[in-house]
Amino acid sequence: MAPLKVGDSLPDGVKFEWAPITDADPTACGRPQEYDASKEWAGKKVVLVSVPGAFTPGCQAYHLPPYIQKLSELKSKGVDVVAVIASNDSWVMNAWGKVNGVKGDDILFLSDTKTFFSKHYGWAAGMGDRNGRWAMVFDNGKVTYAENESNPGQVTVSGAEEVLAKL
């Protein structure tokens with residue numbers, strides 16, 4: 001399938017796996033559960049960020065930190081949900097959020113292993129099963145921003161600054 005583009009709708013049946021962050025200990029994790037994005041994101045403004053992998057150098061150093069630092073700015077622009085997806089399992093995604101000081105559902109760390117959203121509706125990285133580095137914004141189920149990094153080693157169009165500028 002082709003990647004979603006501005007004006008497209010969030011498809012029905014988009015699901016991720018999720019281990020909610022319930023404490024700060026990265027060595028402890030709850031049971032993974034299904035996260036029905038099609039249902040949970042209905043009527044909301046959502047920033048969806050895809051990364052090649054949790055704890056990888058570019059994702060850890062350059063991609064995730066600005067989203068954490070600018071979370072209040074994103075919220076002030078009407079964003080209800082910020083979600084980060086990767087092909088890692090939900091336990092790794094949970095630990096990645098905890099190691100970076102994220103609490104509760106401030107930012108959702110979702111495993112893209114259910115409907116393979118990045119592969120079917122976004123962009124793959126071309127590195128095996130890894131997700132691509134990209135960002136989308138959904139407003140009431142419609143795509144209002146969708147950009148893919150031309151070089152997965154860079155964070156430009158998928159970064160927090162660029163997304164904020166487009167809200």
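Which residue caps the N-terminal end of H4? Aspartate 89 does, through a side-chain oxygen that lies 3.1 Å from the backbone nitrogen of tryptophan 91. The model is predicted.

**Helix H4**

- H4 is largely enclosed by the rest of the structure, because seven of its ten residues are buried.
- The buried residues of H4 are Ser90, Met93, Asn94, Ala95, Trp96, Gly97 and Lys98.
- Strand E1 (15-18), H2, E4 and strand E5 (108-111) are included in what covers these buried residues.
- Lysine 98 sits in H4.
- Lysine 98 has a relative accessibility of 8%, and so counts as buried, since buried means under 20%.
- Beyond its neighbours within four places in sequence, lysine 98 is in contact with Ile21, Asp23, Ala24, Asp25, Pro26, Ala28 and Cys29.
- After H4 comes glycine 101, which has a positive phi near 80°.

**Nonpolar cores**

- In soluble globular proteins, nonpolar side chains tend to be buried together.
- The largest nonpolar core has 25 residues, and those that touch the most other members are Val47, Tyr67, Val84, Trp96 and Phe109.
- Another core, of 23 residues, lies apart from the largest one, and among its members are Leu108, Tyr121, Met136 and Phe138.
- Valine 84 touches Val49, Val51, Leu64, Met93, Trp96, Ile107, Leu108, Phe109 and Leu110, with residues up to four places away in sequence left out of the count.

**Cavity and pocket**

- How many cavities of 30 Å³ or more does a search of the whole structure find? The search finds one.
- The largest cavity holds about 30 Å³ of space.
- Its lining is made up of Trp18, Ala19, Pro20, Ile21, Asn94, Gly104, Ile107, Leu108 and Phe109.
- Sorted by class, that lining has seven nonpolar residues, two polar residues and no charged residues.
- The largest pocket has a volume of about 180 Å³.
- Eleven residues line the largest pocket, and the closest to its centre are Phe116, Lys119, Asp129, Arg130 and Asn131.
- The lining of the largest pocket divides into two nonpolar, five polar and four charged residues.

**Serine 38**

- Serine 38 belongs to helix H1, which spans residues 37-40.
- Is serine 38 buried or exposed? With a relative accessible area of 18%, serine 38 is buried.
- The side chain of serine 38 reaches the backbone nitrogen of valine 14 at 2.9 Å.
- Not counting residues up to four places away in sequence, serine 38 touches Leu10, Pro11, Asp12, Gly13 and Val14.

**Loop residues**

- Most residues other than glycine have a negative phi, and most peptide bonds are trans.
- Phenylalanine 55 is a residue other than glycine with a positive phi, near 65°.
- The loop between E3 and H2 holds phenylalanine 55.
- Asparagine 140 is not a glycine either, and its phi is positive at about 55°.
- Asparagine 140 is found in the loop between E6 and strand E7 (142-148).
- At 53% relative accessibility, asparagine 140 counts as exposed, since exposed means over 50%.
- Where does glycine 78 lie? Glycine 78 is in the loop between H3 and E4.
- Glycine 78 has a relative accessible area of 36%, so this residue is partly exposed.
- Glycine 78 and lysine 45 are 33 residues apart along the chain, and their C-alpha atoms are separated by 6.7 Å.

Technical notes. Residues numbered from 1 in each chain as written. Predicted model: local features only at pLDDT ≥ 70, side-chain atom pairs only at ≥ 80, totals over all residues. Heavy atoms only, no water. 1 Å grid on protein atoms, 1.4 Å probe; cavity = no way out; pocket = protein on both sides within 12 Å on 5 of 7 lines; lining within 4 Å. Points joined across faces, edges and corners; volume = space filled by probe spheres on them. Nonpolar A, V, L, I, M, F, W, Y, C, P; charged D, E, K, R; others polar. Core = buried A, V, L, I, M, F, W, Y, C linked by side-chain atoms within 4.5 Å. Buried < 20%, exposed > 50% of the residue type's maximum accessible area, 1.4 Å probe, protein only. Contact = heavy atoms within 4.5 Å. Helix = DSSP H or I, 4+ residues; strand = E, 2+ residues; numbered from the N terminus. Polar contact = N/O pair within 3.5 Å; in protein donor to acceptor, adjacent residues only side chain to side chain.
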